[in-house]
Each structure stands twice: as C-alpha cells, then as structure tokens.
Amino acid sequence: YVYAHSYSIVKERLKCKSSDALKTKVEKVAFFVDITDQWLQHKQIEVKESTYEKYKYLINSYIAPKIGQLTIQNVTADIIEKFVIELLNTGNATGYQGLSPKTVSDILSVTKGILNYAESQGYRLNGNYKNISVKQFDKEMRVLNNEEQVQLTAYLCQNTDLYMLGTLISLYTGIRVGELCAMRWEDIDLNKKIIYIRKTLQRIPSESGMKKTHVVI
C-alpha cells in the first residue's frame, strides 16, 4: 500500500515502488540435481516402471556425477557438448573406453528433458542446447546363410530343451528376447499354428537392498 496527501503524489510513489520491485526481482536459482529429482517425480506417474528405472540409472551413473552440482543457469550448451564428447571418449566405467553412441544419445535425451522441465518451471536457461545431437552409425548385421540355418536347426532339434526351443522360436519368428521370456505354454496354439505375443519381460534395478534386480512382466 502507498499513502500520501494527494493522488498525484500517490501515483508518483507507486511508480517508484514498481520500478524498485523490477530492479530487485530475484531470479529463480536451483542446482541441476534438485531439478532432476523433481523431474523424476514428475516422470514416475507418466512412464512405465522399467522406463523410470532406466532414467534413474542414467542420472545416477552419468548425469548427476558430472553436472548435478552445477546450477541450472551454469549448465550451458558448451558444457553439455563437452559432456557428450567425454562420454563418447571415456564414459565407460573403466575410464579407458567410451560409451556407445546409442547410450550417449539416451543420456543426452534425459539431460534435455530435465532442462526443458526446468524452463517450464520458470528457471532461466543459458544457451541453446536443443541442437546438440549424437551421430549414430548403423552396424552391419551378421545374418545366417541358408546352410548355417539348416545346421543350427538340426542341432537345436536334436538337443531340445527350453533354451534350445527358445532359440528355435527366435530363429523362425524374430520374436524379441523379452517377449520370448514372458511366453507361457497357453500362448502357443498348435492346432491353429499361432503364437500369441501378449507380454514382455524385463529385469530392472531394485529399490531395496535385498536384491540388485527384479523381474517385471
């Protein structure tokens, strides 16, 4: 509230107060790791458990140790670019090898997602990081020729157990490993000669200290 003996003086004082308020406006500041925690809480209700655990693994293993203690304003495009190059060159746990372009691309995607979330919450970002990307090269896939496929099929049929059967199904259907591991006998209709893909199986890190991982179907 502004008080004075006349309306004109009130207007003048109000104008000065408004100007002072703009000058002393405090910019929102937070450490990157704090925004990361908020982003994870936000994502936990949006994505599958396996996806959430993957995000958390990438953050804890790579992102937080390198840029977690910087403020949001200090995470510049230059720092992110150097971070990406470091991951490609020496990002492996040994420190002597780089991570695959696919893994680095996933880490970069999570980092960008956190920065986008920070911007949506009113934090000022420093620089344009959105154009940073990781070049990926397609590797030539080794495919069995007809003779090798016949030899493998003969061996699998002669030594059939659950592992051999799984390999045989994969060979002739192209089923994913997670879908194969989640398959049950009732998913196979021998009369109609149909295999139903209904579920997938994944092993993800556990929250509790009892076991390192647990299975999710």
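Which residues are buried in α5?

Reply: This is a predicted model, in which local features need pLDDT of at least 70 and side-chain atom pairs count only at pLDDT 80 or more, while totals for chains, interfaces and linings use all residues. Residues are numbered from 1 along each chain as its sequence is written, and side-chain values use heavy atoms, with hydrogens and water left out.

Helices here are DSSP runs (H or I, at least four residues), numbered from the N terminus. In α5, the buried residues are Val104, Asp106, Ile107, Leu108, Val110, Thr111, Lys112, Gly113, Ile114, Leu115, Tyr117 and Ala118, where buried means under 20% relative accessible area (1.4 Å probe, protein chains only). Their cover includes α2 (32-44), α3 (49-67) and α4 (77-90).

As for its length, α5 has 20 residues (101-120) and should span 28 Å at 1.5 Å a residue, which agrees with the 28 Å between its end C-alpha atoms; the expected span is 1.5 Å times one less than the number of residues. Just after α5, glycine 122 takes a positive phi of about 95 degrees.

Two of the covering helices, α2 and α3, also pack against each other, at an angle of about 175 degrees and with their axes 11 Å apart, and they are therefore roughly antiparallel, a label for angles over 145 degrees. Axes are lines fitted to C-alpha atoms over the stretch in contact, and angles run from 0 to 180 degrees between N-to-C directions.

How values were computed: Buried means under 20% relative accessible area, exposed over 50%, partly exposed in between (1.4 Å probe, protein chains only). Contact means heavy atoms within 4.5 Å. Angles under 35 degrees count as roughly parallel, over 145 as roughly antiparallel, 65 to 115 as roughly perpendicular and the rest as oblique.
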